[in-house]
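Here are some friendly notes for you to read alongside the model. Please keep the structure open as you go through the points.

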Amino acid sequence: MSDKHTEEKKSYKVSFYLKNPITCPVCGNIFKKEEMLTGRGRLITKDITDELRRRYEPSKKAGELMPLIYPVTVCPSCYYSAYHDDFPNIKDEYIEIALSQKVKRHHDITLIFPIVDFKKPRNIFTGTASYILSVSCYAFHPKESTPTFMKALSALRAAWLFSDLEQKYPGQNYEKVGIFMYKKAMGFYEQSIEYAQTGEERIDNIKHFGPDLDKSYGFEGLLYVASMLVYKYGDDPDPESRIKMLESAKRTISKIFGRGKSSKSKPSFILDRSKDLYEEITAKIEELKTG
Ligand SMILES: [Zn+2]
């Protein structure tokens, strides 16, 4: 690569700062939020993974763009974090405790990423860290913000970014942390289905189910991802309990079939994928039974 080319890539603008500053509801720090520029032709879409993650081709002009590193707002001073719309909505009674945990948040994140700086433009390290921080900070949010689902989504996206990190920088234990985050996501997804059923956290309060940014797959997507996570990451050394987990995942998927024909909110894409997953899980259960 010529020096000129490198120079061009360096100066290519990938993000910008929103004009109106944000005030951190926890520490009062004032800062600006960074967003990715989303002009025509910047993002070249590739495929969608079995976890409903959208993949992109690097563009010749801009190189690799990572839309996933921007959605979580992080206060660069106290590291309080939440998705943009939820950021101001911390419960009043939790502000003091959230502030008192500032040092803990800094410390915990440096155990994974020794150097992170949220004053600088986002990169894959701060992007991944933003999701981990938001998992802990949603504990301070009211149930109207569906905190359990937001934790699930953040844990899943963190796991995705850890798999990218593992590819870019192998041998740094990123895969191991990633699997830990997948398991966290699995637990939160399961809990969020439970809360949807009991009414503890209303699913219709969720604005974007994701799981990725480009598309929201609705409640069906949530059910699908929850079952997929159990199938892929819900290992249990005891075959009996593993079978129980998988059977429960099957019941979750059958809720997708039970919710009527495909519609705008339930693309046939999810139905087809769910049928495949149902069959894979059935085969896995058979294997364990005869194993
Ligand atoms: Zn703050």
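1. Cys-75 has a relative accessibility of 0% and therefore counts as buried; here buried means under 20% relative accessible area, exposed over 50%, and partly exposed in between, with a 1.4 Å probe and protein chains only. Cys-24 is also classed as buried, because its relative accessibility is 2%. Please bear in mind that this is a predicted model, in which local features need pLDDT of at least 70, side-chain atom pairs count only at pLDDT 80 or more, and totals for chains, interfaces and linings use all residues. Residues are numbered from 1 along each chain as its sequence is written, and side-chain values use heavy atoms, with hydrogens and water left out.

2. What are the protein donors of the zinc ion? They are the SG atoms of Cys-24, Cys-27, Cys-75 and Cys-78, lying 2.3 Å from the metal. Donors are N, O and S atoms within 2.8 Å of the metal (3.2 Å for Na, K and Ca); water is not among the atoms, so sites may look incomplete. The 4 donor atoms subtend angles of 104 to 113° around the zinc ion, so the arrangement is tetrahedral (four donors qualify if all angles lie between 85 and 135 degrees).

3. Along the chain, the zinc donors follow the spacing C-x2-C-x47-C-x2-C. Cys-24 sits in the loop between β2 (22-23) and β3 (30-31), and Cys-75 in the loop between β7 (72-74) and β8 (81-83), so the pair ties together parts that are 51 residues apart in sequence. Strands here are DSSP runs of E with at least two residues, helices are runs of H or I with at least four, and both are numbered from the N terminus.

4. Thr-73 belongs to strand β7 and is buried, because its relative accessible area is 2%. Leaving out residues up to four places away in sequence, Thr-73 touches several residues, including Ile-22, Phe-31, Ala-82 and Arg-122; contact means heavy atoms within 4.5 Å.

5. Ala-82 is part of strand β8, and its 0% relative accessibility means that Ala-82 counts as buried. Beyond its neighbours within four places in sequence, Ala-82 is in contact with Val-72, Thr-73, Phe-87, Ser-134, Tyr-138 and His-141. The C-alpha atoms of Ala-82 and Leu-133 are 8.2 Å apart in space, while the two residues are 51 apart in sequence.

6. How do strands β5 and β6 run? Strand β5 (residues 44-48) and strand β6 (residues 54-57) are antiparallel and joined by 3 bridges; two strands pair if DSSP finds at least two bridges between them. Within β6, Tyr-56 stands opposite Thr-45, and Glu-57 stands opposite Ile-44. The hairpin has 5 residues between the strands, and Leu-52 takes a positive phi near 65° there.

7. For the overall picture, the protein has 9 helices and 8 strands. Its radius of gyration is 20 Å, close to the 19 Å from the globule rule for 291 residues, so the protein is as compact as a globular protein of that length (the radius is taken over C-alpha atoms, and the rule is 2.2 Å times the number of residues to the power 0.38). Buried residues make up 45% of the 291.

How values were computed. Tetrahedral: all angles 85-135°; square planar, octahedral: opposite > 155°, others 65-115°.
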